[in-house]
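I opened this notebook to record what I looked up in the structure shown here. The entries run from the overall fold to single residues.

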Amino acid sequence: MTDSSRAWCAALLCSLGLLPALALGDVNVSGSAYVDYLGTRSPSARASSLSGITPELALKVEVDATEHLSFSAKACLGCHGVSPERFHAEWTPKPWINAQAGRIVVPFGDFSMRYDPSGHATASKPLIYEMGRMLYFRSDQFNLGVVPTPYVDNGVLLYGQAWLKDSVQVWYGGYAVGGFKGENDLDWSSLYQAYFNDNNAEPSGGARVVATYSASSDSALLKDLSLGASFMYGHYNRAANRSYLAAGLDLSSRVGPLTLRAEGALRRTDIDASLPGYRYEIVDPWIETAGFYGEIQHPVTEWLVVSYRFDGLRRQGVPLPGSDARLSAVSTILRYTQGVQVNIASGLFAKLGYEYWLLSDFPTAHVFHLGAGGAF
Amino acid sequence: MIRASGVVAALSVSGALLMGVSPAQPAVNRVDVSGYPPDVQAAYQVFEIKCSKCHTLAKPINSRLSADDWKSYIKKMIRRPGSGINEESARQIFHFLRYYSSVKAGMLPPSAEPPTDAGTG
């Protein structure tokens, strides 16, 4: 570990109150920095998005206290300011049973492993996992995607893996966390603001299972295939009488030089039908947000990676009181994305992306992204 | 005005980064293993597939972890969802990373025979 790494590490640990951990054992420091410019000429889209420059900075410290016990802390700077994204203890006694406790990254979908800007080649996230970098993201419009990622929460995750023969890994995990918050639909920003405690006395829970086949021969065309399923359920309001249920399926594969990914996810969220001000008569007292993406990624040269993505999002349910007047009971987005990532040098990269947004309730928009960053 | 200056700033950052790039530079997201021993080349293939699932290869390639550090780090990666890293894959990944870190540190020429492999334990 270099002196500068140690200084960064000490600074982060000091800020998080973990300085004594430095004395415990091996320390690994990693992180990433990325700035992205989102541009669009559509006045409507510009007024309903976080266009302009957005930072995503992260610094992670992992301390291996013993062979089976480690601590991890990750601080992030983004749209919500500086926040503790991860802060947990991890106990890894056996491959088949391990535990994380603290502020953890909730495993939902394949993208929850790749949300860091250095983990995906496109400049933006798939719509089902998008946060504030989507058009019409506001709570009176689409109110973000299905499960905005990263979803970090306070709780416990038990996980493990088993092997079927030597070619299929089955990873499984179940968790209990504080859960989403809100009163009439979810309030995403409350997840990233102090206080980081639960708003009701009822934990939420979920599970994820992933089966991964790996080819035993290096020359096989199909080198790797993963199929995953995720689920979560809980109550989100203070009185704990309105629930949310989210589920997803994901598939990823490596075929020759191509990386293929596809995911689908939906979330059903109860609403308060007793409130005044709804524009329509309520038939179903919930909102269903569902979406998908399919993505192909391939290297062109050792320094250039090209991505093609097609994704969509549908919000179905009565617009809430005070919603954007243009929002209908069934509102959809279809988006076509082409992006390139240029690997510049020693962990530095630049991203360029073009997106064509086709919306049912809002004007069509052309969006471009230009970003640069690095990871270590 | 703010929007225009934002574009200029983003372009400037990216432009400045790209100006320093030459495609002929050493690999930044891939290792040229053509001069490596055959078993290390085979191990690199496993590393290239497994270790690019969740992050770019630049991350491990540019890391300063030692061989011992890699042993414990790979154990963590094995337990990630969908890693698909079994004992044999882990041994191969470790074999490559240990060799590559020795080459990077100047302890081995690229064509040297690899040291005896102790596995990931």
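The entries below keep to chain A and its contact with chain B.

**Basis.** I note that this is a predicted model, in which local features need pLDDT of at least 70, side-chain atom pairs count only at pLDDT 80 or more, and totals for chains, interfaces and linings use all residues. Residues are numbered from 1 along each chain as its sequence is written, chains are lettered from A and ligands numbered from 1 in the order in which they are written, and side-chain values use heavy atoms, with hydrogens and water left out.

**Overall form of chain A.** I looked up the secondary structure and found two helices and 16 strands in chain A; helices (H or I, at least four residues) and strands (E, at least two) are DSSP runs, numbered from the N terminus. The radius of gyration of chain A is 21 Å, in agreement with the value near 21 Å for a compact globule of 376 residues; it is taken over C-alpha atoms, and the globule rule is 2.2 Å times the number of residues to the power 0.38. I recorded a C-alpha trace spanning about 60 × 50 × 45 Å along its principal axes. Of the 376 residues, 56% count as buried (buried is under 20% relative accessible area, exposed over 50%, partly exposed in between, with a 1.4 Å probe and protein chains only).

**The interface.** How many residues does each chain bring to the contact? Chain A gives 52 residues and chain B gives 47, contact being heavy atoms within 4.5 Å. The two chains bury about 4,200 Å² between them, 55% of it on carbon and sulfur atoms; buried area is the accessible area (1.4 Å probe) that two parts lose on being put together, summed over both. On the side of chain A, M113(A), E302(A) and I344(A) lose the most area to chain B, together 15% of what that side buries.

**Salt bridges between chains.** I found six salt bridges across this interface, a salt bridge being a side-chain nitrogen of Lys or Arg within 4 Å of a carboxyl oxygen of Asp or Glu. R254(A) meets E48(B) in one, at 3.0 Å from N to O. E67(A) pairs with K75(B), with the closest N and O atoms 3.5 Å apart. This pair runs from the loop between β2 (52-64) and β3 (69-78) of chain A to helix α4 (residues 67-78) of chain B. E67(A) counts as exposed because its relative accessibility is 62%, whereas K75(B), at 30%, is partly exposed.

**Salt bridges within chain A.** R133(A) and D36(A) form a salt bridge with the closest N and O atoms 2.7 Å apart. R133(A) sits in the loop between β5 (97-105) and β6, and D36(A) in strand β1 (residues 26-40), 97 residues apart. Are these two residues buried or exposed? Both R133(A) and D36(A) are buried. I also noted a network of salt bridges that links D110(A), R114(A), R261(A) and E295(A).

**T259(A).** T259(A) lies in strand β11 (residues 258-270) and counts as buried because its relative accessibility is 18%. Leaving aside neighbours within four places in sequence, its contacts include R254(A) and E295(A).
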